[in-house]
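Reader: I have a model open and want to go through some local details. Can we start with the backbone and then do the rings?
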Amino acid sequence: MQTKETQRHKELYKAQIAGNLRLLRHLNGLSQEQTAAQLNISRSCYASLERGTRIPDFLTIQAIADVFDVSLDYLLTFDITEHVLSLL
C-alpha cells in the first residue's frame, strides 16, 4: 500500500518528466508524431508520457535521452524549464 507521501512523489515525478519531455520536444522543433517515430512508439503513447498519465519504462527513458542528446540525470532530475529560463 502506498502512503500519501509516496503517491505525491510519484505524481510530482510524472509531472516533471512530462514537462521536460514537452519542452525538449519543442526546443528540438519536433511534433509528437516525429518524436514518437524516433522512439518507435505510437503517438498516443508518447502523448500520454507528455500528459504525465504514464511513466516511461527504463528503455524508453534511455531512448528519450538519446533522441534529445541529454543525460538521464538531466532528463529525470532537473526542471529543464527553469534551467532554460536561467540561460536567457
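Reader: Is N40 buried or exposed?
Author: N40 is exposed, with a relative accessible area of 72%. Exposed means over 50% relative accessible area, buried under 20%, and partly exposed in between, with a 1.4 Å probe and protein chains only. This is a predicted model, where local features need pLDDT of at least 70, side-chain atom pairs count only at pLDDT 80 or more, and totals for chains, interfaces and linings use all residues. Residues are numbered from 1 along each chain as its sequence is written, and side-chain values use heavy atoms, with hydrogens and water left out.
Reader: Where is N40 placed?
Author: In the loop between α2 (32–39) and α3 (43–51). Helices are DSSP runs of H or I with at least four residues, numbered from the N terminus.
Reader: What is phi of N40?
Author: Near 60 degrees, a positive value in a residue other than glycine. Most residues other than glycine have a negative phi.
Reader: And what about phi of D69?
Author: Phi of D69 is near 55 degrees, also positive in a non-glycine residue. D69 is in the loop between α4 (58–68) and α5 (72–77), and counts as exposed at 69% relative accessibility.
Reader: Rings now. How many aromatic pairs does the structure hold?
Author: One. The ring centres of Y74 and F78 are 5.6 Å apart and the planes are at 35 degrees, so the pair is tilted. Rings of Phe, Tyr and Trp (its six-membered ring) pair if their centres lie within 6.5 Å; planes under 30 degrees apart count as stacked, over 60 as edge-to-face and the rest as tilted.
Reader: Which accessibility class does Y74 fall in?
Author: Y74 is buried, at 18% relative accessible area, whereas F78 is partly exposed, at 39%.

Terms used. Helices (H or I, at least four residues) and strands (E, at least two) are DSSP runs, numbered from the N terminus.
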